[in-house]
Amino acid sequence: MSSADFEVDLTNCDREPIHQLGAIQPFGFLIALSSDWLIKRASVNVADFLGVKAEDILGTPMSDHMAAETLHAIRNRLTLLRGPDAVERLFGLALRTGGPRYDFALHMTDGTIVLEGEPSAETPDADTASTIRAMMARLDATDKISDFLREGARQVRALTGFDRVMVYQFDRDGSGTVAAEAVRSGIGSFHGLRYPASDIPQQARKLYVRTPFRVIADVDATPAAIMPERDEQGEPLDLSLSVLRSVSPIHIEYLKNMGVGASLSISIILEGKLWGLFACHHYQPRCPDFERRSIAELFGQMFALKLESRQREALARYEIEARATSDRILASVAGDSTLLDNPDWLGSMLGKTVPCDGIAIYIDGKIATSGATPPASAIPTLVRRLNAMTSGRVYSTDHLGDLLPQAREYADVGAGLLAIPISRTPRDYVLLFRQEKVRTVNWAGDPHKPASYGPNGARLTPRQSFETWAEEVRGRSEPFTDAELRVAEMLRASLIEVVLRLSDDAQAERQRASERQELLIAELNHRVRNILSLIRGLVRQSHDTGTDLNSYIKLLEGRIESLARAHDQITQDNWSPAPLRRLIETEAAAYLAGKASRVKVEGPPILLHPHAFSTLALVMHELMTNSAKYGALSDSGSLTVELSIDQYGDCFIEWRERGGPAVQPPKRQGFGTTIIERSIPYDLGGTADIRFPLTGMEADFCIPARYVAASETEVAENHAEPISTLAERRDPGDAPVLSGPVLLVEDSLIIAMDAEDILLQLGAERVTVAAGVVAALNEIENGAFTAAVLDVNLGSETSLPIADALAAKGVPYIFATGYGEQFQAPDGHASAQILQKPYTAANMGRILADLLER
């Protein structure tokens, strides 16, 4: 199909068969040969080079028109062709012995050998390798990518001699920008101008990948037709790989409108895709010789390799940093799943990798936002739209209004979107928003396709004006790059893994609950035995004082109160950070009474989070018990506990006993020793090192920074109030507050047992204990109660359904919580009394008495 057979209009301009125009540029000739080297086709200008007309040369052997040694060289080179798009070159061969020399291009198409020739340069380059090496050295000397592109343009201009050489980079939408330029002075600059996608149709882009070099020597030259135009099958010759291929009339008109007399383009191909072009313009006819054009083509390929290498290196650095950020996010979320609901924290972490102006988190219908984001009411609509299209993949856009028309209302804060799904079904999302970036785009002329009308309807007309045409772009953000999308996909996969792991953990929690309960019972039994043994020792020591009975009772009572204070330390600060120093000093006071000065605690004030504080309370209790029984505190020795925090925020505890009896390692591994050695590594991920030199037991512990709440003196002093003493407890002779059976809902076994004892002391006939909602509802259904005490938080559930059931039966109840003033009873239970933990007979009796009076 020739150009005459194809009328280009606005409906088919992207399908113009530019590879089948049936003609070549006249600065060379073309001969098509059969496999037995008979001439099948020839360009009409072949007589200018071979002295024989095209119609006379058809059907004759090529050996009749070419020197034997030249034909032999061409035959040999044909064997080197590899791949469907391969083109071989030969330089400086004579058509006839002693005649002028020619350069040849050789390729195969549909079983036909295509030979193209043009006159050789009079002074060919002698050292191509040195030329390329020097050009590469100049590229390597550049640092910034902008300098690299500009130097590439300079090298191509020096090599080809064209008036203007541009590095033309394609955008995602197919348009292109002049990213760098080398230009002859006095003809103006195109640097920074943008050209619409329609300037280079899709079929032309495909040819730029197959044939990475293209020259148009003279826009006014008359093409040389190929004879015959069609073969016996009615097909024109495919000129996709031809170096002399004629030019589309539309493109010729386009170049003439720009005032260009000749052009040359070198494809810049990265990872098999067309990244851009070296676009060269000359304002007079110009045709560099074939050898110089081949050097330029080789330079373009090496330039692309170096550009790809630089981009890969930058991408590798970026992805390494992104992976480190991802690992920090995953490690943090795995340790504290609530961070996934914290947009401020997640935004600060992700913002280091994928810059954004705001972040929204949508999980289980709950919405949390931070920074510049659309209103929360708009997020569910956006999520529904994403669910209908993304199929669980990362999605990005720099123009959210195209996806969701309602988004145009908040384009100022959410023009661009990167959506990262973090679950499978139902889909939850992390949404990164970018604000509108109002900018002016300088087009090389009006980017809209102009059309003229004639007898055959609308016909495409190339732009006639290339004056700068400015356009203000609104409603769009800075686009998300391919590298950012790859990082987002990496984050998506990792976050889904964490979410699924957390879901599996939640399902396994019921199975582990019974195991934890058994551990708590064993722990309770162990502590009860220790306490009873210690009380027995206190009774004996007090009896040895020889005092009268009243003094003996008073002394014994004081020592038991000291022991009780040490025991209360386990739960005293269970719901807020508590001071480590007070824990140690209270434990020491319980054992040494007036001799507590033998224990010295040194170092800065340190607050520990509840979980770590509870674990440390058990460890310190066992250490102090052992020291009082067998170590330095059992004799006249001393104990020094050194506290410190390192540069990473980890807390270190050094336990040193001196001056006591000679120390021997324990002969068996008891439960107490297990708590000392394994609690901190197992529960907190820290370290524990226990040693038994003769001079006194030594122990070193490390508490990870995530469990250290603060170390400032003023904060620690605010938590330095003494724990509740037994003086606050009810006296045995006080009148009963309760009567009848009482329901106690508490998920901690040790705390439940303590509360049960208090309720019985307050006069309850019987206390029924339930650890969860289901068990409590069963008890309410099967029995009657005069009152109920409900712990608000029961692990993964709350006691509100229990309160509803009690209210329906008219049973008075109180809520118990360790959240202090922060807890607010929900609607329907606003009048309920609030009991602050820890439980004591005094505070529980006072609130229950008030409840029953009302």
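1. Start at Leu58. Keep in mind that the model is predicted. Leu58 sits in the loop between helix H2 (54-57) and helix H3 (68-78).

2. Which residues does Leu58 touch, leaving aside its neighbours within four places in sequence? The contacts are Ile39, Lys40, Arg41, Ala42, Met227 and Pro228. Ile31 is 27 residues away from Leu58 along the chain, and the two C-alpha atoms are 9.3 Å apart.

3. Now look at two helices. The axes of helix H5 (residues 145-160) and helix H8 (residues 290-335) come within 10 Å and cross at roughly 175°. Angles over 145 degrees count as roughly antiparallel, so H5 and H8 are roughly antiparallel to each other. On the H5 side, the contact includes Ile145, Phe148, Leu149 and Val156. On the H8 side, Ile295, Ala296, Phe299 and Phe303 are among the residues involved. By class, this contact has 10 nonpolar, 3 polar and 3 charged residues.

4. Next come the salt bridges. A search of the whole structure finds 25 of them. One joins Arg164 and Glu181, with the closest N and O atoms 2.7 Å apart. Arg164 belongs to strand E7 (residues 164-170) and Glu181 to strand E8 (residues 176-183), so the pair ties together parts 17 residues apart in sequence. Are these two residues buried or exposed? Both Arg164 and Glu181 are buried.

5. Another salt bridge pairs the side chains of Arg172 and Asp482, at 3.3 Å from N to O. Arg172 lies in the loop between E7 and E8, while Asp482 lies in helix H13 (residues 482-543), so this pair ties together parts 310 residues apart in sequence. Arg172 is exposed, because its relative accessible area is 51% and exposed means over 50%. Asp482 has 47% relative accessibility, so it counts as partly exposed.

6. Glu271 and Arg312 form a salt bridge too, with 2.9 Å between the closest N and O atoms. This pair links distant parts of the chain, 41 residues apart. Glu271 is in the loop between strand E12 (262-270) and strand E13 (273-282), and Arg312 is in helix H8. Glu271 is exposed, with a relative accessible area of 54%. Arg312 counts as partly exposed, at 46% relative accessibility. Elsewhere, salt bridges that share partners join Arg656, Arg658, Asp689, Arg691, Glu698 and Asp700 into one network.

7. Turn to an open sheet of 5 strands. The order is E15-E14-E18-E17-E16, and the pairing is antiparallel. Why is one side of E15 and of E16 left without a neighbour in the sheet? Strand E15 (366-371) and strand E16 (395-397) stand at the edges, and each has a single partner strand, so one side of each has no neighbour there. Neighbouring strands of the sheet are turned by 10° against each other on average, direction ignored.

8. E16 pairs with strand E17 (residues 416-421) in the antiparallel sense over 3 bridges. Ser396 stands opposite Leu418 in E17.

9. Two helices pack on the sheet. Helix H9 (residues 343-350) touches strand E14 (358-363), E15 and strand E18 (429-434). The direction of H9 makes about 125° with that of E14. Helix H10 (residues 379-387) touches E14, E15, E16, E17 and E18. The direction of H10 makes about 110° with that of E18.

Conventions:
Residues numbered from 1 in each chain as written. Predicted model: local features only at pLDDT ≥ 70, side-chain atom pairs only at ≥ 80, totals over all residues. Heavy atoms only, no water. Helix = DSSP H or I, 4+ residues; strand = E, 2+ residues; numbered from the N terminus. Contact = heavy atoms within 4.5 Å. Axes fitted to C-alpha atoms, helices over the stretch in contact; angles between N-to-C directions. Parallel < 35°, antiparallel > 145°, perpendicular 65-115°, else oblique. Nonpolar A, V, L, I, M, F, W, Y, C, P; charged D, E, K, R; others polar. Salt bridge = Lys/Arg side-chain N within 4 Å of Asp/Glu carboxyl O. Buried < 20%, exposed > 50% of the residue type's maximum accessible area, 1.4 Å probe, protein only. Pairing = 2+ DSSP bridges.
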